[in-house]
Amino acid sequence: MADKPKRPLSAYMLWLNSARESIKRESPGIKVTEVAKRGGELWRAMKGKSEWEAKAAKAKDDYDRAVKEFEANGGGDCAANGGAKKRAKPAKKPSKKSKKDESDENDDDESE
């Protein structure tokens, strides 16, 4: 059975993927985090984003169509794929008692 379609990239991520090499050429030896930071600065300063927003909208439409097709073929049925795997919530730790609470409990013990 096919896996569920992956979410589409945002306009920024589509643009960054195309601009990544030129950012690296501008600053050789730049770290990955610095590429993303520089990309964010360039994206915010950019005026004509409509091309990338249109590509993102098309990707989202394609994704929505693929998800509907996936669910129509039984992909969204939890019983068909062995049940949804959910993360178990960690058990709560007992809260620490303050000294005031402990002294109140000791007072109760003495009065019995």
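1. Helices here (H or I, at least four residues) and strands (E, at least two) are DSSP runs, numbered from the N terminus. By that rule K4 sits in the segment before α1. This is a predicted model: local features need pLDDT of at least 70, side-chain atom pairs count only at pLDDT 80 or more, and totals for chains, interfaces and linings use all residues. Residues are numbered from 1 along each chain as its sequence is written, and side-chain values use heavy atoms, with hydrogens and water left out.

2. Overall make-up. The protein has four helices and zero strands. Along the sequence the pattern reads α-α-α-α. Of its 112 residues, 14% count as buried. Buried means under 20% relative accessible area, exposed means over 50%, and partly exposed lies in between, with a 1.4 Å probe and protein chains only.

3. Contact range. A contact means heavy atoms within 4.5 Å. Take the contacts in the protein with a separation of 6 or more: residues 24 or more positions apart account for 63% of them.

4. The segment before α1. K4, which lies in that segment, is 63 residues from V67 in sequence. In space the two are 7.0 Å apart, C-alpha to C-alpha. K4 also touches Y63 and F70, not counting residues up to four places away in sequence.

5. The largest nonpolar core. A nonpolar core is a set of buried Ala, Val, Leu, Ile, Met, Phe, Trp, Tyr and Cys residues joined through side-chain atoms within 4.5 Å. The largest one has nine residues: A11, W15, L16, A19, I23, V35, W43, W52 and A56. Three helices, α1 (11-26), α2 (32-45) and α3 (50-72), each supply at least two residues of this core. Its largest share, five residues, comes from α1.

6. W43. This tryptophan belongs to the largest nonpolar core. Which residues does W43 contact, leaving aside its neighbours within four places in sequence? They are A11, Y12, W15, K49 and W52. A11, W15 and W52 are also listed in the core.

7. α1 against α2. The two axes come within 9 Å and cross at roughly 115°. Axes are lines fitted to C-alpha atoms, for helices over the stretch in contact, and angles run from 0 to 180 degrees between N-to-C directions. Angles under 35 degrees count as roughly parallel, over 145 as roughly antiparallel, 65 to 115 as roughly perpendicular and the rest as oblique. α1 and α2 are therefore roughly perpendicular to each other. The crossing is right-handed. A crossing is left-handed if the near helix is turned anticlockwise from the far one by less than a right angle, and right-handed if clockwise. On the α1 side, the residues that meet α2 are A11, Y12, W15, L16, R20, I23, K24 and E26. On the α2 side they are V35, A36, R38, G39, G40, L42 and W43.

8. α1 against α3. These helices pack at an angle of about 115°, with their axes 8 Å apart. That makes α1 roughly perpendicular to α3. Their crossing is right-handed. From α1, the residues involved are A11, L14, W15 and S18. They meet W52, E53, K55 and A56 in α3.

9. Salt bridges. A salt bridge is a side-chain nitrogen of Lys or Arg within 4 Å of a carboxyl oxygen of Asp or Glu. How many does the structure hold? It holds six.

10. K58, D62 and R65 are linked in a network of salt bridges. The K58 and D62 side chains meet at 3.0 Å, N to O. Both lie in helix α3, four residues apart, about one turn of the helix. D62 and R65 meet at 3.1 Å, N to O. They too lie in α3, three residues apart, about one turn of the helix. K58 is exposed, at 52% relative accessible area. R65 is exposed, at 52% relative accessibility. D62 is partly exposed, at 33%.

11. The K60 and D64 pair. K60 forms a salt bridge with D64, and the closest N and O atoms are 3.4 Å apart. Both residues lie in helix α3, four residues apart, about one turn of the helix. K60 counts as partly exposed, at 44% relative accessibility. D64 is partly exposed, with a relative accessible area of 30%.
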